[in-house]
Amino acid sequence: MPMGKVLFWGGFGVAVRLWQLGIEMVPVLARDRLWVYPLYASVGASFGYWLEGVSKRQDRILLERKEQLLEKRRRLQPKPTGDSSADDIMAAGT
């Protein structure tokens with residue numbers, strides 16, 4: 001599984017925490033608040049992991065639907081026949 005989304009959303013969770021502290025105008029690296037960074041990172045990473053699973057399921061569903069539509073198109077496509085009567089009529093008329 002590509003870890004790009006997981007890492008991105010983990011970093012996004014830390015960025016949200018930094019933004020929150022900036023809004024509150026609280027020191028960023030206060031000792032009593034350092035435990036929260038891993039919490040926000042893990043929440044963000046778990047969201048990224050979930051989002052990766054959603055993406056894979058959607059890709060699988062889309063691929064299955066595409067195969068169904070292509071199969072339906074193949075079934076409905078007129079089959080070429082060996083009958084050349086239409087060609088003979090056209091040739092006789094000229």
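Which helix do the buried residues of H2 pack against?

1. The buried residues of H2 pack against H1, with contact meaning heavy atoms within 4.5 Å. Helices here are DSSP runs (H or I, at least four residues), numbered from the N terminus. The buried residues (under 20% relative accessible area, 1.4 Å probe, protein chains only) of H2 are Val36, Tyr37, Gly44, Ala45, Gly48, Glu52, Gly53 and Val54.

2. This is a predicted model, in which local features need pLDDT of at least 70, side-chain atom pairs count only at pLDDT 80 or more, and totals for chains, interfaces and linings use all residues. Residues are numbered from 1 along each chain as its sequence is written, and side-chain values use heavy atoms, with hydrogens and water left out.

3. H2 has 41 residues and reaches 60 Å from first to last C-alpha. That is close to the 60 Å expected at 1.5 Å a residue, where the expected span is 1.5 Å times one less than the number of residues.

4. The unreviewed UniProt entry places a "transmembrane region" at residues 34–51; such annotations may be inferred rather than shown by experiment. In the model this span is 89% helix and 0% strand, and its end C-alpha atoms lie 27 Å apart.

5. Met25 sits in the loop between H1 (4–24) and H2 (36–76). Its phi is positive, about 55°, although Met25 is not a glycine. Most residues other than glycine have a negative phi. Met25 counts as exposed (over 50%) because its relative accessibility is 75%.

6. Leu18 belongs to helix H1.

Conventions
Helix = DSSP H or I, 4+ residues; strand = E, 2+ residues; numbered from the N terminus.
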